[in-house]
Amino acid sequence: MVKGAALFLQQGNSPQSQRSLQHPHKHAGDLPQHLQIMINLLRCEDRIKLAVRLESAWAERVRYMVVVDSSGRQDTEESILLGVDFSSKESKSCTIGMVLRLWSDTKIHLDGDGGFSVSTAGRMHVFKPVSVQAMWSALQVLHKACEVARRHNYFPGGVALIWATYYESCISSDQSCINEWNAMQDLESTRPDSPALFVDKPTEGERTERLIKAKLRSIMMSQDLENVTSKEIRNELETQMNCNLKEFKEFIDNEMLLILGQMDKPSLIFDHLYLVRGTAPGRVWLGEHKSTGP
């Protein structure tokens, strides 16, 4: 769990809807309470894989992109995205405002402004997590889900993802919430451009990219990545470089993920086995640690 995002790890075969969050992260804020409410939305055979808090055009609302997994008719893992709305942080209930099935043609792209787009079967939605670390967690899970969908060739009209119709029938958010989910590609217009102070354009692209790489790593090493967005990092980068980097937004987001992958600490799986996240989204390495002790 990080600020704004929670990744669920499967433990045994007990239904997730019957479990509660007994030991939440001490810096999790209201996320554990929201997770428990969201778990209660699920059918007993489904499970939340990831929940990521998103930015919203409405200050009082809380919005989550939730990755839900289930076993389909072919006994393979299938995934959908739910858009979940809370009317406020203190709300004791939530509603579904969007359902997106992850087919084999699903593509994920960074939008260059602190978010990413998910497009599939003619639909596209842009999601803007509340922190860089939350975006990193979301991309890792989504890339894995897309790999599974491609491997098993999930396509509209086939036997995959039939169970998603249950959640589509449960869409009950206010129309303004539904409109926000369906108009996410325009969310960037709510963000102001860089301050007019930074009007000078870089003189040479390759030299600028090299300078961006050096300064970006330094900035990210000094920031709390659970409490900062990529937009804020880019603003700091522009301040330090004293120039407008709007045309480098996509490059900066990609470089940010590369640095995140290199900064991510190995996770202990067993006493002799570590999980090391790679520099490409969705790629991991397993490595053995051989102790010299008894």
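Let's start where two helices touch: Thr208, Leu211, Ile212, Lys215, Leu216, Ile219 and Met220 of helix 5 are in contact with Ile233, Glu236, Leu237, Gln240 and Met241 of helix 6. Sorted by kind, the residues of this contact are eight nonpolar, two polar and two charged. Keep in mind as you look around that this is a predicted model.

Now step back to see how these two helices are arranged. Helix 5 covers residues 205-221 and helix 6 covers residues 230-241; their axes lie 10 Å apart, and the packing angle is about 120 degrees. Helix 5 is therefore oblique to helix 6. The two helices make a right-handed crossing.

Helix 2, residues 132-151, and helix 7, residues 249-263, have axes that come within 11 Å and cross at roughly 85 degrees. Because angles of 65 to 115 degrees count as roughly perpendicular, helix 2 is roughly perpendicular to helix 7. On the helix 2 side, the contact is made by Val132, Gln133, Met135, Trp136 and Leu139, and they meet Met256, Leu257, Leu260 and Gly261 in helix 7. This contact has seven nonpolar residues, two polar ones and no charged ones.

Arg63 is found in strand 3, which runs over residues 62-71. Is Arg63 buried or exposed? Its relative accessible area is 0%, so Arg63 is buried.

Conventions:
Residues numbered from 1 in each chain as written. Predicted model: local features only at pLDDT ≥ 70, side-chain atom pairs only at ≥ 80, totals over all residues. Heavy atoms only, no water. Axes fitted to C-alpha atoms, helices over the stretch in contact; angles between N-to-C directions. Helix = DSSP H or I, 4+ residues; strand = E, 2+ residues; numbered from the N terminus. Parallel < 35°, antiparallel > 145°, perpendicular 65-115°, else oblique. Left-handed = near helix turned anticlockwise from the far one by under 90°. Contact = heavy atoms within 4.5 Å. Nonpolar A, V, L, I, M, F, W, Y, C, P; charged D, E, K, R; others polar. Buried < 20%, exposed > 50% of the residue type's maximum accessible area, 1.4 Å probe, protein only.
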